[in-house]
Amino acid sequence: MSYRQPTAATGVGVFYGYRSTAVTISTDNTKLPMTDASTGNTISSGSIDFGSSRKFFACGEVRADSIGDYQLGDIKIVANDGEVAEGYQVRNNATGTVCMDDACYGTSSQSTVSLFTGEILGSEAITAEANELRVTGVFVS
Amino acid sequence: MSFNNVKSRHTAIIELTNSSNQSVSVGDALLFDTLRASGSHGVSVDGSGNISLDTSKEYFIQASFDVERGTTSDSWAFDFYNATTSTVLAVSDGAFQAQWDAVPTTTKTNATFTAAYVQSAPISSIVLKATTMSSTGTVTTNTNIVIIEVS
């Protein structure tokens, strides 16, 4: 006899999602939609969809080229309830005084995870193009 | 009778580092001579930088880099390769590149400073190689690979 068997994958494991084509970045607080997810997960409205709530650690990375003189600002991880996981990716101005970059890292307990722009630095009238977009992570449960 | 079945899975954290700086040109494999781990695991690394994985386990692998470029105008990139076939792993394989682009004064780019290989069905051996290195640079001892292995 069995009772309350899990209907979705649970437990520890790994996952990733990414975008296979470039996307334009032009406004603050805008989702950077992903297109592909690891086996067992799906993409829903640009987010990785786990199918059920999971506890996870996630790392987001964005690589972008400027179109004109543009500075990419914060990037943040957002789960499906609007919670913002901690961590930011900040601009890399390789030619100026600011030369700093980090991936964004966070933990949450939700069924989806996505990347959003944060506060964009520089003119919003000028766009950048993200040519690599990814979230990698580990499920805790 | 069973209730709310969740199977416990052994998880280990492994760190790979190199005890000396490495001079690196494009195509070179990064070398790691020191392995530290939190417990039993199925990872090993040889003298050529080939990292053996246990194909029955899941892996979250992230490499971070500290590079002293040959000149200030140099760019660099590192990718995970299939060590058996010497082919670069793609994003569809769960492998992601680290890339720094040196840019002209009017252009500002955002780099990826970590390379990752995340896979629930891993291949048996991977190696991290420099796919872009404008001139010979130095990968310092601050470079490392952190591996989370789930049994």
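Reply: In this predicted model, chain B contains an open sheet of 3 strands in the order β3-β15-β8, with antiparallel pairing. Strands β3 (22-24) and β8 (67-68) of chain B each have a single partner strand and stand at the edges, so one side of each is left without a neighbour in the sheet.

Me: How do you know that β3 and β15 of chain B pair?

Reply: Pairing requires at least two bridges between the strands. β3(B) and β15 (residues 137-139) of chain B share 3 bridges, in the antiparallel sense. At the level of residues, B:Gln22 has B:Val139 in β15(B) as its bridge partner.

Me: What makes up the secondary structure of chain B, and how many helices and strands are there?

Reply: Chain B has 16 strands and 0 helices. Its C-alpha atoms fill a box of roughly 70 × 35 × 25 Å along the principal axes. Of the 151 residues in chain B, 39% are buried. Where contacts in chain B join residues at least 6 apart in sequence, 71% of them link residues at least 24 apart.

Me: What are the corresponding values for chain A, in strands and helices, in burial and in contacts?

Reply: Chain A has 11 strands and 0 helices, and its elements from the N terminus on run β-β-β-β-β-β-β-β-β-β-β. Buried residues account for 42% of the 141 residues of chain A. Among contacts in chain A with a separation of 6 or more, 70% are between residues 24 or more positions apart.

Me: Why is A:Gly17 called buried?

Reply: A residue is buried if 20 or more other C-beta atoms lie within 10 Å of its own. For A:Gly17 there are 30 other C-beta atoms within 10 Å.

Me: Which residues is A:Gly17 in contact with, leaving aside its neighbours within four places in sequence?

Reply: A:Gly17 is in contact with A:Met34, A:Asp36, A:Ala37, A:Ile43, A:Ile48, A:Arg134 and A:Val135. Each of these counts as a contact because the C-beta atoms of the two residues lie within 7 Å. As a separate value, the C-alpha atoms of A:Gly17 and A:Ser44 are 11 Å apart, and these two residues are 27 residues apart along the chain.

Definitions and conventions:
Residues numbered from 1 in each chain as written. Chains lettered and ligands numbered in written order. Predicted model: local features only at pLDDT ≥ 70, side-chain atom pairs only at ≥ 80, totals over all residues. Helix = DSSP H or I, 4+ residues; strand = E, 2+ residues; numbered from the N terminus. Buried ≥ 20, exposed ≤ 12 C-beta atoms within 10 Å, placed from the backbone.
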